[in-house]
Amino acid sequence: MSVPTPTAARPQRWRPVFGYWLTAYKRTWRGSIFGRFLSPLLFLLSMGLGLGSLVNRSAGGVGGVPYLEFVVPGILAAQAMWVAMGESTYQVLGAIRWQMQYHAMLATPIGVDDLLLGHLTYVAAQVTSATVIFMAVAACFGAWASWWVLLALPVTLLTGMAFAVPIFAFSARQEGDSGFNILFRFIITPLFLFSGTFFPVSQLPVWLRPVAWVTPLWHGVEANRSLALGSPDALAVLGHTAYLLVFIAAGAWVARRAFRGRLVT
Amino acid sequence: MTGTDDDILIRASGLTKAFGDFTAVDGIDFGVRRGEAFGFLGPNGAGKSSTMRMVGCVSPATGGELRLFGQDPATHGPDIRARLGVVPQRDTLDEELTVEENIWIYGRYFGLSRREVRSRATELLEFAQLSDRAGSKVEPLSGGMKRRLTIARSLINSPEILLLDEPTTGLDPQARHVLWDRLFRLKRSGVTLVLTTHYMDEAEQLCDRLVVMDHGRIVAEGSPRSLIEQYSTREVLELRFAEDDHGAYADKLFGVGERTEVLPDRLLVYTDDGDEAAAAVHRLGLHPLSSLVRRSTLEDVFLHLTGRTLVD
């Protein structure tokens, strides 16, 4: 048998983890890519053109902005949240409990931080690909008013990760999948509806607005909208971005603890 | 223990693992030499798997000292794991990927290049007699094939120590023999084997030396032969009577053999001459439904040490 070569230097160990998830994705990529083209298409038709024409006719858009241009940056951010949630629940719990990929990895030189970083990088790649597809489809509908919207790509990625990282921590603490229904119904769906995606948060009752302000989705929606409409308020966009980064950093701390607690026993 | 320190790959002293109030491993001492096959024999819940997980550097010890290759798992976990092969109790294969993909991916975790992983995988699938299934998905494979794949996968980094947690549990007899044969070959090629089992035949077949575990403690240590010599007699007479309560016969057999053990379905008489003991039983006017003389096994050692059988 051949002589083993030295193992990879420490900072590189997340790469084969990322490689594994990409290989595993091969079995479902066709359906997944198809869905990613279809979902923006449906949103643009129903919200932008269907509901949009109604809003434009009766109210002259939202604050003078045509409804399509108003709503699409918001949906872009919200989609990142959905993709992040989809990639951070069953796969994480499955890798702990059912298919046990994490346990296979931990028997090798790979450590908890490596597998967390490698898996999150994979989720980031998924959020990025979904965002790029969405932006391209929306461009075909003339939904973007400015080239500034290109900066919405990193902001949307951060929005997605601000959900993925804490949801990783949540998933690592589950025994079965019933918690995911609660997450889906009582957190993700309300956020989707009330974070300024479809209408400005100023329409919410005063006492509910702070709730929207602390959630990462609102920050992603606001920053995206500001960029997409073409005259971004630089300070506001930076502020929203900083908030998302802090949220991700705090989530990473919690996720590390959750992963260690679950996998190193 | 003889040999220089270089020859002792694993050394544990006072090794302890507690989960809250429950102590799974209760201060055990053992050492494993290079090239030997070392076993942990004990029933389910004896603390074998917890010990293996500590040795595999995936579970931190609660107390005591553990060294592999002279290094501490707490500080050198990744370095040690790079030199280990692990066959966990439950296969952690990706069932939706192919046989060879499973090996490639695992090799990448050790930092091996793609080219290296591919050439090693071909060798290993040959060794595991799975070459003709290289491109097929794992899910439809038989239990024995999956187990062999797990072993092939664990060898991708040419480990110095192979850790096997209940390698043949749940396999049919033929699949077990195929697996044992592969493990013998590995041992001959110089790989140190450390395994847990609750099958006494597996321990006798594979292990040069073993420890018997019960309730988180080591109750005996030695080669299979020396354990049998020390804790059992040469032969065992197994008697079955036509009554449910075999305990009632224990007193009647007083004086036959060195000692007796009562099991729910049979009575064991420990003696150096089984045929003579059988004759003595008949002379007492007792007529068992069946009587069988066999050699002592590790099962008898365990029964003597703990009063219980290995497999319930």
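Select A:M100, in the loop between helix 4 (90–98) and helix 5 of chain A. This is a predicted model. A:M100 has a positive phi of about 60°, although it is not a glycine. Most residues other than glycine have a negative phi.

Next, go to helix 1 of chain A, residues 14–25. Its 12 residues should span 16 Å at 1.5 Å a residue. The end C-alpha atoms are 17 Å apart, which agrees. Now colour the buried residues of this helix: A:W14, A:P16, A:V17, A:F18, A:Y20 and A:W21. What do they pack against? In chain A, show helix 5 (101–106) and helix 6 (112–140).

The crossing is right-handed. To see the contact, show side chains on both helices. Helix 6 of chain A brings A:L120, A:V123, A:A124, A:V127, A:T128, A:T131, A:V132 and A:M135. Helix 7 of chain A brings A:L153, A:T156, A:L157, A:G160, A:M161, A:A164, A:V165 and A:F168.

Now turn to where the chains meet. The contact takes 27 residues from chain A and 27 residues from chain B. Which helix of chain B gives the most to the side that touches chain A? Helix 3 of chain B does, with five residues. Also select helix 2 (73–81) and helix 4 (114–127) of chain B; along with helix 3, each supplies at least two residues of that side.

Zoom out to the whole of chain B. Its secondary structure comes to 11 helices and 13 strands. The C-alpha trace spans about 75 × 45 × 40 Å along its principal axes. Of its 312 residues, 47% count as buried. Contacts between residues 24 or more positions apart make up 69% of those in chain B with a separation of 6 or more.

Zoom back in on B:E166, in the loop between strand 6 and helix 6 of chain B. Like A:M100, B:E166 has a positive phi without being a glycine; here the value is about 50°. B:E166 is buried, with 21 other C-beta atoms within 10 Å.

Follow the chain into helix 6 of chain B, residues 173–188. Its 16 residues should span 22 Å at 1.5 Å a residue, and its end C-alpha atoms are 23 Å apart, which agrees. Pick out the buried residues B:R176, B:L179, B:L183 and B:L186. Look down the axis of helix 6 of chain B: these buried residues fall within an arc of 80°, so they line one face of the helix. An α-helix has 3.6 residues a turn, so residues three or four places apart point the same way.

What covers that buried face? Show helix 5 (143–154), strand 6 (161–165), strand 7 (192–197) and helix 7 (200–206) of chain B, which are included in the cover. On the other side of helix 6 of chain B, B:P173, B:Q174, B:D181, B:R185 and B:R188 are exposed.

Technical notes: Residues are numbered from 1 along each chain as its sequence is written. Chains are lettered from A and ligands numbered from 1 in the order in which they are written. This is a predicted model: local features need pLDDT of at least 70, side-chain atom pairs count only at pLDDT 80 or more; totals for chains, interfaces and linings use all residues. Helices (H or I, at least four residues) and strands (E, at least two) are DSSP runs, numbered from the N terminus. The expected span of a helix is 1.5 Å times one less than its number of residues. A residue is buried if 20 or more other C-beta atoms lie within 10 Å of its own, exposed if 12 or fewer, and partly exposed in between; C-beta atoms are placed from the backbone. Two residues are in contact if their C-beta atoms, placed from the backbone, lie within 7 Å. The arc is that of the directions from the helix axis to the C-beta atoms. A crossing is left-handed if the near helix is turned anticlockwise from the far one by less than a right angle, and right-handed if clockwise.
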